[in-house]
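Biologist: Could you walk me through a sheet in this model? I have the sequence and the structure open.

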Amino acid sequence: MRFFKNILLVGLISFYLPSSYAEMTIEITEGIESALPISVVPFAMQGASGVPVDVSFVVDADLGRSGYFKTLDKQSMPARPSTTEAVQFKDWQAIGQNYLVIGQVTEEHGQYNVQFQLFDVYKGQQIMGYRMASSAGDLRRTAHHISDLIFEKLTGKKGVFSGRIAYITSSRQGRQSNHKLQISDADGFNAQTVASSVEPLMSPAWSPDGRKIAYVSFEKKSAAIYIQTLATGERVRVAEFPGINGAPSWSPDGSKLALTLSKDGSPDIYVLNLVTRALTKISKSFAIDTEPTWSPDGSSIVFTSDRGGKPQLYIVSSQGGEERRLTFSGNYNARASFSPDGRSIAMVHGNGNNYRIAVMDLATKAFNVLTDGPSDESPSFAPNGSMILYASRKGSSGYLSAVSLDGKMQQKLVFDSNEIREPAWSP
Amino acid sequence: MKLNKAVLALAISAVILSGCSEDEKDASLTDGTQNAASGINDASTSGLNNGSGLAGSEMSGSGMYPNAHMGPEFSDPNNPLSKSTIYFMLDSSQVQDDFVPVIAAHAQYLVNHPGQRVVMEGHGDERGSREYNIALGEQRAKSIVSMMKVQGVSDGQVQIVSYGEEKPAAEGHDEAAWELNRRAEIVYQGK
């Protein structure tokens with residue numbers, strides 16, 4: 001759809017209302033003017049018992065929070081059709097709606113059938129229609145799946161509403177700290193703790209298949225890297241050398257882990273083959289080398305090094321070899337994150353006391369600072385490349401935020417924890 | 001101060017997240033598009049993972065004299081051994097002159113007690129990226145340890161652990177807190 005290609009604003013993700021567990025609110029700090037009018041009519045409910053999840057409400061919220069769409073509130077709707085026959089397109093044209101979503105949720109013996117249709121209001125045509133079965137527990141996922149289908153159909157970009165985010169929280173009671181590695185849906189719901197410790201947890205990294213997470217734990221009063229299988233909770237310790245064991249990053253094929261070890265002196269980048277357990281040293285400076293991140297094609301690794309006096313990003317072949325400096329803008333560029341297409345890298349860009357998220361195009365070297373700071377860190381790309389999730393802080397409140405690649409759209413996410421950080425978007 | 005040891009039980013819990021039955025769902029999608037299948041989702045049971053990594057260990061309390069349990073000299077304000085935190089300037093791992101006598105006193109104690117072990121914890125303030133701050137914290141700890149080794153402290157007596165910005169001494173988010181957080185702590189083990 002040409003029309004959509006003309007929208008400069010790339011953006012997409014939905015984070016919204018609080019659930020009982022992950023108390024989170026969303027604030028669209030900057031939106032876009034070209035958002036498309038869409039009406040998501042409350043789905044008709046049929047069946048004996050109630051429906052535990054308001055599917056159309058979730059879809060409405062997903063689309064609205066993506067920044068691409070402007071949804072219509074229920075009160076302003078001229079009608080609430082749930083079948084094609086009941087739709088009067090003229091009514092929706094009259095109030096300037098481009099798209100219309102209707103649907104039904106039918107309950108039978110505790111199982112649900114969810115059906116929806118997407119219409120082009122001006123053409124008076126159905127664009128898409130689906131019916132899907134869902135258990136009660138899966139209704140929220142089904143709703144996100146519907147959002148993904150609609151989003152992709154209308155924008156040509158893959159939706160990321162079904163994705164998840166991993167992050168670290170910490171809380172303190174007196175001298176006792178509690179650190180948690182949590183995973184929630186992309187909208188902050190269904191937050192679940194997958195690991196907790198009184199000692200720090202750090203640097204969660206999703207395996208490319210989304211089934212495992214590598215992270216750093218200080219539970220033994222020194223750093224070690226673990227890989228945990230999410231479905232079972234089982235985990236293996238893959239690095240526990242003297243000194244730093246940090247910054248795990250998966251190779252795109254999932255067979256290797258880049259990491260930082262200081263066992264031989266200064267922190268260096270290593271690649272650990274997860275199959276053979278072979279460990280290969282990649283960077284060899286006497287300075288700090290850390291925060292490796294793999295390019296999506298697997299050919300190279302970008303990392304942070306202060307070999308030039310201040311931290312900057314460098315690139316090296318994932319087999320090792322010549323190390324080349326990438327960033328020259330400002331005196332602090334660290335913690336790189338590759339865009340899924342491999343064309344650009346996001347980073348923490350520091351200037352005095354101001355740390356912001358910047359993105360650099362690798363081919364043109366065009367450098368764009370996207371956020372305002374002053375404490376922005378840990379950028380992580382959405383799997384469709386449209387947005388960057390990062391951790392930020394205002395006063396004593398830490399929160400997660402998402403920014404579009406052009407910096408025009410920003411969303412602030414507030415969880416119940418004031419210490420929330422290191423967000424990582426699932427593949 | 002009474003023996004100010006706290007046994008900190010570490011609990012690593014893993015929530016066991018079970019997959020959904022995607023087959024049923026896929027079958028009824030009209031064009032065969034699949035609901036993304038993955039291991040963790042709403043259908044979850046939580047349980048403790050009693051596998052690897054559970055450990056308990058002793059840690060000295062962090063009162064005014066964190067190493068007071070080592071002996072009276074560690075809580076005598078006139079004795080440099082009573083000081084166990086070394087502060088650093090911004091972006092620096094260079095030991096300031098004020099702290100040289102403190103480090104020398106601890107080094108001498110360790111030389112006199114070759115069976116005694118310490119952990120040298122490196123810390124940083126919250127600014128900048130976290131793993132980079134781990135590396136900065138390690139540099140701070142190392143600069144102290146190398147001074148101690150010159151005095152004769154042996155490799156086996158000191159373990160370096162950098163926590164970066166993960167264990168702030170002061171919880172604020174301003175210059176006053178940052179100054180207190182750029183530090184290394186000498187933590188005596190056992191006894």
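Modeller: Happy to! An open sheet of 4 strands in chain A has antiparallel pairing and the order 19-20-21-22. Strands (E, at least two residues) and helices (H or I, at least four) are DSSP runs numbered from the N terminus, and two strands pair if DSSP finds at least two bridges between them. This is a predicted model, where local features need pLDDT of at least 70, side-chain atom pairs count only at pLDDT 80 or more, and totals for chains, interfaces and linings use all residues. Residues are numbered from 1 along each chain as its sequence is written, while chains are lettered from A and ligands numbered from 1 in the order in which they are written.

Biologist: Which residue is the bridge partner of D289(A) in strand 20 of chain A?

Modeller: Strand 19 and strand 20 (residues 300-305) of chain A run antiparallel, joined by 4 bridges. Their hairpin has 5 residues between the strands, with G298(A) in the turn at a positive phi of about 80 degrees. The bridge partner of D289(A) is S305(A).

Biologist: And which residue in strand 21 of chain A does T304(A) stand opposite?

Modeller: Strand 20 and strand 21 (residues 312-317) of chain A pair in the antiparallel sense over 6 bridges. In strand 21, the residue opposite T304(A) is L313(A).
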